Amino acid sequence: MACIGLLFGTGCLAQSSGVINSITGHVTDEAGADIAGAHIEVGHEWASVTDEAGRYAFQNVKPGAYIITASYLGFETIQKTIRLNQGESISVDFLLEIAAVELNEISVSSKSEANALRESTANVEVLEVKSLYAQSIHTSDVIKQISGVNVRQAGGFGSNAEVFINGMSGKQVKFFIDGIPISYFGSGLSLNVLPINLMKQIEVYKGVVPVHLGADALGGAINIIPRKAYHSYLDASYSFGSFNSHKANVNGQLVNHQSNLLIGINSFYNYSDNNYSVDVEIPDQFGNPHPATVKRFHDRFSNYLMNIYGGVFDKTYADRLVISARYSGLDDDIQHNAIMAQPYGETVYNESTLGFSIEYQKKNLLPSVDLKWYGGLNRTTGNFVDTTLNVYTWDGMIYRRRTDGGEISTSRNLLELQSRNALSRLNMNFHPWEDGQLTINVFSSWFRRTGQDPIAAAFYGRDYYAYPTVLVKNASGLAYKHTFGNHLESYTAIKSYAYSADGYAIQNLEFQPNEQSVFNMGYSQSFRYSFDEKFLTKVSYEYATRLPDEFELFGDFTLVRPNPFLEPEQSHNANLSGQYNRKKLEIDLNVFYRLTENIIWLRTSQFFAQYQNLLKAVVKGSDVEVRYRPFPFLRFKFNTTFQDIRNRSPRNVTGSVDDRYFDARLPNIPYWFGNGELRYQKQGILGTAGSFSTWWSAHFVHDYFLFWAVDGNRDLKNSIPSQFIQNVGMSFALEDNRFSITVEAFNVFNQKAFDNFNVQRPGRAFNITLRNHIK
């Protein structure tokens, strides 16, 4: 049977192979986006709703003539007449048009879940990532394309990543997986190595962080929403590319709709040699340095995950009850110090985490009360090995041998760390009336770590690592959201933050124990006003506190030394934003202000680093993003961000003899950056039911100084140079994305790339991804 009438929702009718006597199909809107939850009715005998991919299926349908109806709130209802013969399998696709219905001058239209969040009081960007499943990218690659967001990595794949959101950076920005801090899951699941295939969408909050994200974020947060569709599927992909990089993902789920049971698996394995070329200096036999271009030789990285889950859904006692068991970890060769001045040839770190969790959700558990609860336990084992006396040069050769000390530490290390942590998150929503909702969120966590190192113990005279470090934290919040008519919405929240830390520091070979407890409050107020369906504005203010975490307080016993004397950070955050939304054109503008005290920053040296309280700073800036879709198959996106971060610390804090650093721009932080993307996507390519897409993307960062701009001759100062990195790719997928192949080229013009001073990032790289998706 041939395909007919694709425009104006008349549908597409095609014969396909599959289950005998079946009817399947796909429902999309005019922009080509999937419509989840659309109602599909076959005659008056069968009915269903589309899943998150906009798909539906009826099996073992009796032969005969039927009228198929597709409907969804806010869209025109479409009907199609078909005849199903014995032994046939028919595919019927629908393209629904938005319907605007005016009743007494009130316009009623529909919004997707993502658009509804964008237009809430929260200053948030939402990325639906399903279209990126076929690409070989990770979360950090995606979020750096958002206005106001920049990501700095200290090398190739698997290297540490620092995220900036509207002037806030590092630990000031919190990362979550479905409202649970991502740090809880271990280093093997950190943001910079997390595959896109595990998630449904990414939410980036700028400024005020809602209370349902139960943690002490100071000026922004990133929340990853995992895939939770209730249908059976298998999604497997494998990619390979430059620098001997391999990435494999297998995600699957079996759902029994008769008994409402589900069981599934999430898994991945990533590996890379990271042996890209870098420009360095290598000493000759007399110790004189000479320029050279070599490949990195000790930078292998791999990480992995195996997560198995099972549970029930849509039961009288639970909307969702899922138990998970997870094993994850990483293996990491450490190639150099923080500024890439000294290569390492044998130092390694590996880590593994075994975790268990329970997730429970129930709407109307009590009248007008919805409840969500998450509880989890983890055990993490880490090993840091730095025992060699060899000194390496950048060509991988042994230059000489030391008489004592390791490549990083003065004592040498054969360190094993054992960590345990537990957490609980309770979220309750109370909605006693139509226009108001009260939210209560309580997040608590416990962390304990001990270690042993026989080599360091022999050097210091005792094993300091055997002393336990303990951290207990609680973040609680209460929020009320109220809607005033059709135009104004308010969100008011108060938060409390508390922690108790028991740790120690080693200074001048002396053991210095320390205990401290801290309690702080925070509050926020946000408003959103909609002038009409095209234009809205938001304004928000928050006084926020961020508590130091276990790594800032206790170090990692490798490159970061402990500092149990840290004080919490506090910040006053204000945002003013506006949105202009048309069918083809969308514009977002955001202006932000931050005043932060007791900034916790990572002070680095050639051999180690330590978190310290130092600065008071003010941040002023703005970001703008334009999205234009002139045709359903073509879209363009551009954004740019300017952030001016100034020192407000007095000279007794900076250590200066005068006030020349007061109101000076903070060094080593980018202040102007932007992104662009052009994407073409066409369905029904070459007369098939498949799709073809191709894209170009670019990332720009203006140059900035490594040290204070007010010191020295500007022409002779160290700086991180301006960069304009471009990527291209293309992908072809069969019908229903059953199979796809994607080819990508990163940094196509092989530009020198630096996110940090003197730390070179990969040059030109190529990647091929194969994906198979079965439903």
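Here is a walk through this predicted model, from its nonpolar cores to its cavities and its salt bridges. Because the model is predicted, local features need pLDDT of at least 70 and side-chain atom pairs count only at pLDDT 80 or more, while totals for chains, interfaces and linings use all residues. Residues are numbered from 1 along each chain as its sequence is written, and side-chain values use heavy atoms, with hydrogens and water left out.

Let's start inside. A nonpolar core here is a set of buried Ala, Val, Leu, Ile, Met, Phe, Trp, Tyr and Cys residues joined through side-chain atoms within 4.5 Å. Buried means under 20% relative accessible area, exposed means over 50%, and partly exposed is in between (1.4 Å probe, protein chains only). The largest core has 37 residues, and those with the most contacts inside it are Val 129, Ile 143, Val 163, Leu 194, Ile 196, Ile 202 and Ile 222. At least two residues of this core come from each of helix H2 (139–143), strand S12 (149–153), strand S13 (161–165), strand S15 (174–177), strand S17 and strand S18 (220–226). S17 gives the most, with three residues. Those labels are DSSP runs numbered from the N terminus: helices are H or I with at least four residues, strands are E with at least two.

Leaving aside neighbours within four places in sequence, Ile 222 is in contact (heavy atoms within 4.5 Å) with Ile 143, Val 163, Ile 165, Lys 174, Phe 175, Phe 176, Leu 191, Ile 202, Glu 203 and Val 204. Apart from this core lies another one, of 20 residues, with Ala 38, Ala 70, Ile 82 and Val 92 among them.

Beyond four places in sequence, the contacts of Val 193 include His 138, Phe 157, Phe 268 and Phe 301.

Now for the empty space. Rolling a probe the size of a water molecule over the atoms shows where such space is left. A cavity is a set of points, on a 1 Å grid over the protein atoms alone, where a 1.4 Å probe fits but cannot get out; lining residues have an atom within 4 Å of a point. Grid points are joined across faces, edges and corners, and a volume is the space filled by probe spheres set on the points. The structure holds five cavities of 30 Å³ or more.

The largest cavity holds about 130 Å³ of space. Its lining has 14 residues, and Asn 123, Val 124, Glu 125, Gln 579 and Asp 588 lie nearest its centre. Strands S11 (124–128), S37 (569–581) and S38 (585–597) each supply at least two residues of that lining. By class, the lining of the largest cavity has two nonpolar, six polar and six charged residues; Ala, Val, Leu, Ile, Met, Phe, Trp, Tyr, Cys and Pro count as nonpolar, Asp, Glu, Lys and Arg as charged, and the others, Gly among them, as polar.

The second largest cavity has about 90 Å³. Of its 14 lining residues, the closest to the centre are Gln 135, Ser 136, Asn 197, Lys 247 and Asn 249. The lining of this second cavity has four nonpolar, nine polar and one charged residues.

Last come the charged pairs. A salt bridge is a side-chain nitrogen of Lys or Arg within 4 Å of a carboxyl oxygen of Asp or Glu, and the count comes to 24. In one of them, Lys 130 meets Asp 34 at 1.8 Å, N to O. Lys 130 lies in the loop between S11 and H2 and Asp 34 in the loop between strand S2 (22–29) and strand S3 (39–42), so the pair ties together parts 96 residues apart in sequence. Lys 130 is partly exposed at 33% relative accessibility, and Asp 34 is partly exposed at 26%.

Asp 644 pairs with Arg 665 in another salt bridge, with the closest N and O atoms 3.1 Å apart. Here Asp 644 is buried, at 17%, whereas Arg 665 is partly exposed, at 26%.

Conventions: On a 1 Å grid over the protein atoms alone, a cavity is a set of points where a 1.4 Å probe fits but cannot get out, and a pocket is an open set with protein on both sides within 12 Å along at least five of seven lines; lining residues have an atom within 4 Å of a point.
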